[in-house]
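Work through the exercises below with the sequence and the model at hand. Each task is followed by a worked solution.

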Amino acid sequence: QVQLAESGGGSVQAGGSLRLSCVASGFTFSANSMGWFRQVPGKEREGVAGMDGIGRTTYAESVEGRFTISRDTAKNTLYLQMNSLKPEDTAMYYCAARSFGLLASLTEKYFPYWGQGTQVTVSS
């Protein structure tokens, strides 16, 4: 059974930083695609950052230069380092994974495995 467990969310002031973590069980991140998504009430889920099986990455324009996706394959852990946070970054953040992934994707339907989400709140 594949499970993803996020942690690291919280409340910060604008300009601050957070690092989100996602620990996988049931499979390993090597040779898989992974991603981070976010959603606020009343809006569609948005792809934030993606990574393919060999480490290539892609980012939403809204977070380019501020967020960094990374992984530690030995720990089966995915990270999202978020710097220079803005109030518009406030959302529930989810990690996602796909076995044998070939793409760094920001598309929801590409990923069959999802975590439960962790809340990030940025105040002005």
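A nonpolar core is a set of buried Ala, Val, Leu, Ile, Met, Phe, Trp, Tyr and Cys residues joined through side-chain atoms within 4.5 Å; buried means under 20% relative accessible area, exposed over 50%, partly exposed in between (1.4 Å probe, protein chains only). The model is predicted: local features need pLDDT of at least 70, side-chain atom pairs count only at pLDDT 80 or more, and totals for chains, interfaces and linings use all residues. Residues are numbered from 1 along each chain as its sequence is written, and side-chain values use heavy atoms, without hydrogens and water.

**Exercise 1.** State how many residues the largest nonpolar core has, and which have the most contacts inside it.

Solution. The core has 27 residues. Those with the most contacts inside it are Trp36, Val48, Phe67, Ile69, Leu80, Met82 and Tyr93. Strands (DSSP E runs of at least two residues, numbered from the N terminus) supply residues as follows: β4 (33-39) and β9 (91-98) are among those that each give at least two.

**Exercise 2.** Classify the ring pairs of Phe37 with Phe111 and with Trp114.

Solution. Rings of Phe, Tyr and Trp (its six-membered ring) pair if their centres lie within 6.5 Å; planes under 30 degrees apart count as stacked, over 60 as edge-to-face and the rest as tilted.

1. Phe37 and Phe111 have ring centres 5.5 Å apart and planes at 75 degrees, so this pair is edge-to-face.
2. Phe37 lies in strand β4 and Phe111 in the loop between β9 and β10 (113-114), 74 residues apart.
3. For Phe37 and Trp114 the centres are 4.9 Å apart and the planes at 55 degrees, so the pair is tilted.

Notes. Helix = DSSP H or I, 4+ residues; strand = E, 2+ residues; numbered from the N terminus.
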